[in-house]
Amino acid sequence: MKIDKKEVLRALENITVPGEGQNMVESGAVKNIQVFGDEVEVDITIKNPSLQARKKTEVEILKIIHDKVYAKAKIKVNLKVEAPAKTTVNEIKGKPIPGIQSIIAVASGKGGVGKSTVTANLAVTLAKMGFKVGLLDTDIYGPSMPIMLDVALEKPLSINVDGKNKMKPVENYGVKLLSIGFFTQPNQAVIWRGPMASKALNQMIFDAHWDELDFLLLDLPPGTGDIHLSIMQSLPVTGAVVVSTPQEIALADARKGVAMFQQEAINVPVLGIIENMAYFTPEELPDNKYHIFGKDGAKHLAQDLKVPFLGEIPLVQSIREAGDVGRPAALQNGTPTEEAFETLTKNVVQELVKRNTALPPTEAIKITTMAGCSAVKK
């Protein structure tokens, strides 16, 4: 018996394509039908890649042709799967915080370079200049900001804002502060895996009532890891500042810190590099400079990476002592230390203005694959 191709086509109109709600002729799933006497060859393309969908489609084609066209037909089904490309797998979209104008991340590739000290002094200097400033201590495992701002014994209050309970940041020296250090005991170690640490950070970001801020500073932990990605996925960071000391061992890691922000998947503008502990000046010899850790290392790195050099902070005993007692050295009026931090802060603000003039607002990054977490060559 010779089978009519049109009858086969009409029969296939009774089969619904899995997951599409149309029959396979209407949807275009039937690509070709060839008839040779009592032999039928059907080319089908579906979008559902599951084995169940493929088997169901094939069985239904065989059954409908046998039932409605010819019971003894010899049928061959060539089934192809064309699954649509997934463009939003595990996509995490950051949420802007109303009222916050600029978010500046302060980072270092290496620990022990004084990043938190620089952040605390940058914050209080901005506040002295009349800006509204917030500071988020994102170092979950080693929070130090409560001590540096003399609020270690304080606790954030719970307040009601528009019917929702929010954390009210602790405030001192004109700086609003949140830190995991407020929620742990001084001798308690935080032993959390990455997801739990990220969840705690998100609570401090989005469950806090920061109110109106000109600047929110983020004191990032050392390195380039999970916390950094979580922060930049959660917040549209306006720009980043990298702190380093002059010696080569610190510069090597600072280079990686800059590379992290410049990675295509992250793309946060680097406002510049700060050289901390640039030189030592004894109190009894105020005109002398001793470059204990090397000279101009961070300045040369900034030139090499083509990013701004924001300034140098000397290695001064009073800066360390001020941090230990909770009164940042930038509050020491009329001193070279205050002047150094004021110059540094003005340079940061100046680079931020340039960045806002030349570049569009930063979006929170959207990492959809592990490619966003890979090593990069710079």
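Angles run from 0 to 180 degrees between N-to-C directions, with axes fitted to C-alpha atoms, for helices over the stretch in contact.

This is a predicted model: local features need pLDDT of at least 70, side-chain atom pairs count only at pLDDT 80 or more, and totals for chains, interfaces and linings use all residues. Residues are numbered from 1 along each chain as its sequence is written, and side-chain values use heavy atoms, without hydrogens and water.

Strands of a sheet pair through backbone hydrogen bonds, either parallel or antiparallel. Two strands pair if DSSP finds at least two bridges between them. E5 (residues 133–137) and E9 (residues 175–179) pair in the parallel sense over five bridges. Here Leu135 stands opposite Leu177 in E9. Helices are DSSP runs of H or I, at least four residues; contact means heavy atoms within 4.5 Å.

Now the other sheet. This open sheet has three strands in the order E1-E2-E3, again with mixed pairing. E1 (30–36) and E3 (74–81) are its edge strands. Eight bridges join E2 (residues 39–46) to E3, and the two run parallel. Glu41 has Lys76 in E3 as its bridge partner. Helix H1 (residues 5–12) packs on the sheet, touching E1 and E2. Helix H2 (residues 51–68) touches E2 and E3.
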